[in-house]
Amino acid sequence: MTSHTPPLSQSAIKKHLDKNSYETLSDILIHQTVASTNDELWQRQSNGKNSPAVCLSETQTAGRGRRGDQWLSPDSGNLYLSISWPFPAETALNGLTIAIGISLLNTLKLEGIKGLQLKWPNDILHKRQKLAGILVESRFGKQQNTVVGIGLNFELPTATQQQIQQATTSLQQLCTNVPCRNELAGKIINTMIETLQHFQSHGLHDFISQWSQYDALHNQTITLIDDSVHTDAIARGINDQGELRYQIGEEVHTLSNSRISIRFA
């Protein structure tokens, strides 16, 4: 390890799982290095295992974010965590990223990490600096198999920060006492499973009301980037499907979770 963080430990994480999580999960897989934790769970599914499982790794060689962007994943004690979840085929997954984001933010808030916001659809920010990102991937079969990945910065080496094309932060920079990684991993797993179960039954509905208090883009001028086309607009919250509402002139449009990139203007 290049950090002073204790290594990921299945037994330590299990100590912090609640009864619901313990009974729901078939596997907790821990690796030193993988291409990506999401890919490990897709491989598990290809091997015929569709039950809920979690994968964590100390480092990723091909971590990725939304739109296939690279997620730099140094071996510095960060959290790279994914969970696979088999939804019934008819489940509408609109807004799942937002439900996961709000739940993750609430978990971090309980750890005393204040001032966090969500930048639609999948970034957790502190003062416009990225602390964590979420990647939701789905594939259809007899059921709708989904993998939710979370990358959370505990400690970012200067060299890594210089490689990232946007402002970043870490728990080490935000906290006087950085949370125990294995304990926080257990708490995040509990929250994710609870969120996935609730979303499966109720959709995004019960999370919508929390969006406005965490909305990093609220009434901000933003730039929508689609390949080489840049369009300025004003962010106007989200709708019931979790789509971004944005205003150009007098017209309000909506944007689903797509390949379009959003930046603060």
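Predicted model: local features only at pLDDT ≥ 70, side-chain atom pairs only at ≥ 80, totals over all residues.
Residues are numbered from 1 along each chain as its sequence is written, and side-chain values use heavy atoms, with hydrogens and water left out.

The protein chain contains eight helices and twelve strands, where helices (H or I, at least four residues) and strands (E, at least two) are DSSP runs numbered from the N terminus. Of its 265 residues, 51% count as buried, a class defined as under 20% relative accessible area, with exposed meaning over 50% and partly exposed lying in between (1.4 Å probe, protein chains only). Among the contacts in the protein chain with a separation of 6 or more, 66% are made by residues 24 or more positions apart, a contact being heavy atoms within 4.5 Å.

Seven strands form an open sheet with mixed pairing, in the order β1-β2-β3-β7-β6-β5-β4; two strands are taken to pair if DSSP finds at least two bridges between them. Strands β1 (27-34) and β4 stand at the edges of this sheet, and because each has a single partner strand, one side of each is left without a neighbour in the sheet. Neighbouring strands are turned by 20° against each other on average, direction ignored. Within the sheet, β2 (residues 53-60) pairs with β3 (residues 79-87) in the antiparallel sense over five bridges, and S57 stands opposite Y80 in β3. Strand β6 (residues 129-140) is joined to β5 by four bridges and runs antiparallel to it, with H126 opposite Q129 in β6. Antiparallel pairing is also found between β6 and β7 (residues 144-152), here over nine bridges, and R139 has N145 in β7 as its bridge partner.

Two packed helices are described by the angle between their axes and the distance between the axes. For α7 (residues 181-202) and α8 (residues 205-214), the axes come within 8 Å and cross at roughly 115°, which means that α7 is roughly perpendicular to α8; the classes are roughly parallel under 35 degrees, roughly antiparallel over 145, roughly perpendicular from 65 to 115, and oblique for the rest. In this contact, T195, H198 and H202 of α7 meet H205, D206 and F207 of α8. By class, the contact has one nonpolar, four polar and one charged residues, with Ala, Val, Leu, Ile, Met, Phe, Trp, Tyr, Cys and Pro counted as nonpolar, Asp, Glu, Lys and Arg as charged, and the others, Gly among them, as polar.

A further open sheet has five strands in the order β11-β10-β9-β8-β12, with antiparallel pairing. Its edges are formed by β11 (251-255) and β12 (261-264), each with a single partner strand, so one side of each is left without a neighbour in the sheet. On average, neighbouring strands of this sheet are turned by 45° against each other, direction ignored. Strand β10 (residues 244-248) is joined to β11 by five bridges in antiparallel orientation, and R245 stands opposite T254 in β11.

In the loop between β4 and β5, which holds P121, a cis peptide bond joins W120 and P121, with omega of about -5°. N122 lies in the loop between β4 (116-119) and β5 (123-126), is buried at a relative accessible area of 6%, and has a polar side-chain atom 2.9 Å from the backbone oxygen of I134. The hairpin of β5 and β6 has two residues between the strands. K127, in this loop, has a positive phi near 50° and counts as exposed at 69% relative accessibility. R128, also placed between β5 and β6, has a positive phi near 65° and is partly exposed at 44% relative accessibility.

Definitions and conventions:
Polar contact = N/O pair within 3.5 Å; in protein donor to acceptor, adjacent residues only side chain to side chain. Axes fitted to C-alpha atoms, helices over the stretch in contact; angles between N-to-C directions.
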